[in-house]
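Colleague: Thanks for sitting down with me over this one. Could you put the structure up so that we can go through some of the packing together?

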Amino acid sequence: MFVNMFVNLWKSAPFLRLIWPLIAGIVTGLYLAIVPWHLLIVCCAGWLVPALLSITWRYRLRYLRGAAVAGMVFWLGMWLVYQQDVRHQASWYGHTKEDTLTLAVTLLEDPVKKTASWKAEARVTHVYKQSPQPVTGNMLLYFREAPPLHYGNSLLLRAAVRPIQGMGNPGAFDYARYCRYQNLFHQAFLQPANWQKLEGNKGQLLETWLIAARNYCLNTLKTHIPHREEYGVAQALLIGYRGELDKDIVHAYSNTGVVHIIAISGLHLGLIYVTLLQLLRWLPARRLTNIAKALILIAVLWAFALLTGASASVLRSAVMFTTIAVGQFMINRHASTFNTLAAAAFLLLCYNPFFLLDAGFQLSFLAVAGILICYKPVYDSWMVRNRWLDKIWQMAAVSLAAQVFTWPVCLLYFRQFPNYFLPANLVAVPLSTILLYGEILLVALPWLGGFAGPVLQWGIRGMNAAVQWIDGLPGAVTAGIYIGTAQMYCLYALTIAVCVWWLLKRRVACLYALAAFLAYVGLRAVRNIDIAAQQKLVVYNVPRKTLVEYISGRRALRWGDTLADMEKYTAPAHLEMGINTVSTSTFSPSLLLCNGKRILLWKGRYLPATPLQHKINVHYLVLSANAPQNIEQFDDFFIYEKIIFDASCPAFLLRKWKSKCNKLPLRCFSVPDKGAFVVNL
């Protein structure tokens, strides 16, 4: 049965054949900033020429036409990446070379409170030189004080526009890369004197309505669920807003593998779709009523998707259910689910090719693919006669099937595995379903808040308590897992080979599984050898602090300030570099000899009064905020190849030092500007 299913699948799902060359084209386009038009011409010729020949030759060249179509889709992927990147547009404001610009911008969202500022994304409409010039592109604005601004407000601002930089610490999340794939490349930090509000509102009417609806939902929930922990989960559960979530709650949901509940996903749209189908069952099965039913389903699904911010996983579900509704109620056809899934991925990648790099997009499609392929075999492996136990086993089978193709990418991104994901999902998914229905009822009928609010609050409190209890069990999570991209591919090859052996009963797949496992072990062995031989200097980028480590094998020797949240910066680096032993040294001016390299760590304010007769030759001179401002004084004592300014140095001092280095000239590296300094010794 499974053999026939997989044999016919390739023919019955054309989008399943097209999605792979599109993905290959997108990946290629990420690394090549060109679009080879000659490739499109060759592929078009390969598709058209056989059509002009006889039937015999058309049959002989049928694979050539198929390869030509794949080539055109591959080219389409490259072209989509090129077109999506705003830097390739002549009107992009980033082509302006000045650091300080006068800009007219329009806010694309309400300012959101951050730790020490208010953040908003804005669209740049004009750059002012002698006259206003229309431009394109978005940027991030950070207001020092709470601004009385909303979506659609126009601003005139004059400020220093800086590239978005990540911290650059080893193993840390690359924020600059994340923003780059959102077409965000610059940011500006604004004092009240740097901007003024212009008249009028340039927001789009649909977005204004959506923001108003979102605010109505948030205010309704806050009114009837006043406690912060429950209110934060209620917001996340209904519309995916996570600004009020407690960090400990998020940590517990992540460790137990149910974080998808508080991050709007396809589960929510699936529940809404099934509920609407049940509510519309009373409509007679006629042509016009079926069309009306499909339109209602599609309108509600897309309204909810837009209301929640239209994340990649939600859009996937919206496209899938739209296709199902159209096929079932409008054209009376039930399409292949695999083809529908591939079509949803194809359309979303055509809309935004950078979705391919989105973790939510990847996990959403991989989870659904696992459920489609593995749910029935898993469920059929144990026949349960009791009705209620059978319902529980169905939920368990869905959770197990969803993990089949997601666990390698979860290890890559999250570096941990929730060992109790199955009982956590069995508890949290039914509870969250009931709570979601209750929240929808509360928002639709707020006059029920006196009854529904307390019930929802107690329900959310009970779900949080259950998840936190599971998180507190011994061995709840296996943390500190590190795999590279190549190792992830080996795990996927192993998973696919095991599935082929299990579902298709092909014994040869066991050999492929063994080969994939040996490749994975080999890559880990090579990594362990590299770790044992590594010698590195790391100057971390910790805001206004000094933190330096010398890495030798699996040991790290640390100098710097004592930080309450030091693990936040060092743990990802230690996991990536395989560090298991850390020792700390007091930070005074220290001269280190590391693998033949001399490194001077200088934090004192004063140099000796008398120059040395013989200067000390050092390779790297690391300066902190308390170092002498006149860096020429170091020339009387040291000969150095490169100066590193650590993250404790203030901006005015960095400007002074970098200016002097440019004049002398001296090679320098500014950690606050360029990110962490990492060098192999």
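This is a predicted model: local features need pLDDT of at least 70, side-chain atom pairs count only at pLDDT 80 or more; totals for chains, interfaces and linings use all residues.

Colleague: Which residues in α7 and α8 meet?

Modeller: The contact of α7 with α8 has seven nonpolar, one polar and two charged residues. On the α8 side are Tyr 231, Ala 234, Gln 235, Leu 238 and Ile 239. From α7 come Arg 214, Cys 217, Leu 218, Leu 221 and Lys 222.

Colleague: At roughly what angle do the axes of α7 and α8 cross?

Modeller: Two packed helices are described by the angle and the distance between their axes. Here α7 passes α8 in a right-handed crossing. The axes of α7 (residues 205-224) and α8 (residues 228-239) come within 10 Å, and they cross at roughly 145°.

Colleague: How far apart are the end C-alpha atoms of α20, and what span should its residues give?

Modeller: Helix α20 has 26 residues, 508-533, so at 1.5 Å a residue it should span 38 Å. The distance between its end C-alpha atoms agrees with that: 38 Å.

Colleague: Which helices do the buried residues of α20 pack against?

Modeller: Buried in α20 are Ala 509, Ala 513, Ala 516, Tyr 520, Arg 527 and Ile 531. The buried residues of this helix pack against α19 (485-504) and α21 (566-577).

Colleague: Which strands stand at the edges of the open sheet of five strands?

Modeller: The strand order is β15-β14-β13-β12-β21, with mixed pairing. An edge strand here has a single partner, so one side of it is left without a neighbour in the sheet; that describes β15 (581-584) and β21 (677-680).

Note on methods. Residues are numbered from 1 along each chain as its sequence is written. Side-chain values use heavy atoms; hydrogens and water are left out. Axes are lines fitted to C-alpha atoms, for helices over the stretch in contact, and angles run from 0 to 180 degrees between N-to-C directions. Helices (H or I, at least four residues) and strands (E, at least two) are DSSP runs, numbered from the N terminus. A crossing is left-handed if the near helix is turned anticlockwise from the far one by less than a right angle, and right-handed if clockwise. Contact means heavy atoms within 4.5 Å. Ala, Val, Leu, Ile, Met, Phe, Trp, Tyr, Cys and Pro count as nonpolar, Asp, Glu, Lys and Arg as charged, and the others, Gly among them, as polar. The expected span of a helix is 1.5 Å times one less than its number of residues. Buried means under 20% relative accessible area, exposed over 50%, partly exposed in between (1.4 Å probe, protein chains only). Two strands pair if DSSP finds at least two bridges between them.
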